Amino acid sequence: MAATVRADNSAVAPSQDGAVVTWSAEELKEVREQLATEIRELTAEIAKAEMEIASSDVTDGAGDDQADAGARTYEREREIALTLNSRDLVAQNERAIARIDAGTYGVCESCHQPIGKERLQAFPRATLCVACKQREERR
C-alpha cells in the first residue's frame, strides 16, 4: 500500500508491522530543509573542486619527472571522482525533495511499501525499503 498525503499535509503509510507511520508536515519540512542545505553545501564544494581541477590543468609543470606527473594525474582523477560523487548526491537530494513535493516520500520505488521512518531519518535520500535494497545489493 502506498503512502497517502492527508489534508493536513502529513504523509501516512503503514509500516511492516501494520502500525501507521505518520510524517507530520513539520517533519517533512525539516527533512526538505536538511536536503536543501546539503544541496547548497555540495554545490559549493563542486564549484570549488572544479576550479581546482581547472587550475591544475593550467599549472602543469614542464620538466617534471614521471613520478611527479603520475602523482599529479592520480590526484586530478581523485578530485574528478569526488566531484562526480558529489554531483550524484545532489541529484539524490533533488530527487528526495521532488518525492516530498509529490507526496511519495517514504514509499519504496520497487515494492511500493513504506520505507521505515528510522531508515529515512538515517538516510533521507533512500528510495528503497531495507528488503528491496538488500535484494538489489545481492544481484
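**Reading the labels**

Analyst: From the N terminus on, the elements run β-β-β-α-α-α-α, which gives four helices and three strands in the protein. Please keep in mind that this is a predicted model, and that 28% of the 139 residues of the protein count as buried. Among contacts with a separation of 6 or more, 48% are accounted for by residues 24 or more positions apart.

User: Why is Ser86 called buried?

Analyst: Ser86 has a relative accessible area of 11%, and buried means under 20%, so the label applies to Ser86. The residue is found in helix α2, which covers residues 66–102, and, once neighbours within four places in sequence are left aside, Ser86 is in contact with Leu42, Glu45 and Ile46.

User: What makes Cys108 and Cys132 buried or exposed?

Analyst: The relative accessible area of Cys108 is 1%, and that of Cys132 is 4%; because the cut-off for buried is under 20%, Cys108 counts as buried, and Cys132 counts as buried too.

User: Which residues touch the most other members of the largest nonpolar core?

Analyst: In that core of 19 residues, they are Trp23, Val31, Leu35, Ile100, Tyr105, Cys108 and Leu120. Helices α1 (25–58) and α2 each supply at least two residues of this core, and α1 gives the most, with six residues.

User: What makes Arg125 buried, and where is it found?

Analyst: Arg125 is found in the loop between α3 and α4, and its relative accessible area is 14%; since buried means under 20%, Arg125 is therefore buried. Leaving aside neighbours within four places in sequence, Arg125 is in contact with Leu35, Glu38, Leu89, Gln92, Asn93 and Ala96. Arg125 and Leu35 are 90 residues apart in sequence, and their C-alpha atoms are 8.3 Å apart in space.

User: Which residues line the largest pocket, and how do they divide by class?

Analyst: The lining is made of Ala91, Gln92, Arg95, Arg119, Phe123, Arg125, Ala126, Thr127, Leu128, Lys133 and Glu136, and about 180 Å³ of space lies in this pocket. The elements that give two or more residues to the lining are α2 and α4 (130–138), with the largest share, three residues, coming from α2. By class, the lining has four nonpolar, two polar and five charged residues.

User: Why is Glu109 called partly exposed?

Analyst: Glu109 has a relative accessible area of 32%, and partly exposed lies between under 20% for buried and over 50% for exposed, so Glu109 belongs in the middle class. Its place is in the loop between α2 and α3. Not counting residues up to four places away in sequence, Glu109 touches Arg95, Arg99, Thr127 and Leu128. The C-alpha atoms of Glu109 and Ala126, which are 17 residues apart along the chain, are separated by 9.6 Å.

User: What is the phi of His112, and why does His112 count as partly exposed?

Analyst: Phi of His112 is near 65°, a positive value in a residue other than glycine. Most residues other than glycine have a negative phi. His112 is found in the loop between α2 and α3, the latter being residues 117–122. With 46% relative accessibility, His112 falls between the cut-offs of 20% and 50%, and so it counts as partly exposed.

Key: Residues are numbered from 1 along each chain as its sequence is written. This is a predicted model: local features need pLDDT of at least 70, side-chain atom pairs count only at pLDDT 80 or more; totals for chains, interfaces and linings use all residues. Side-chain values use heavy atoms; hydrogens and water are left out. Buried means under 20% relative accessible area, exposed over 50%, partly exposed in between (1.4 Å probe, protein chains only). Contact means heavy atoms within 4.5 Å. A nonpolar core is a set of buried Ala, Val, Leu, Ile, Met, Phe, Trp, Tyr and Cys residues joined through side-chain atoms within 4.5 Å. On a 1 Å grid over the protein atoms alone, a cavity is a set of points where a 1.4 Å probe fits but cannot get out, and a pocket is an open set with protein on both sides within 12 Å along at least five of seven lines; lining residues have an atom within 4 Å of a point. Grid points are joined across faces, edges and corners, and a volume is the space filled by probe spheres set on the points. Ala, Val, Leu, Ile, Met, Phe, Trp, Tyr, Cys and Pro count as nonpolar, Asp, Glu, Lys and Arg as charged, and the others, Gly among them, as polar.
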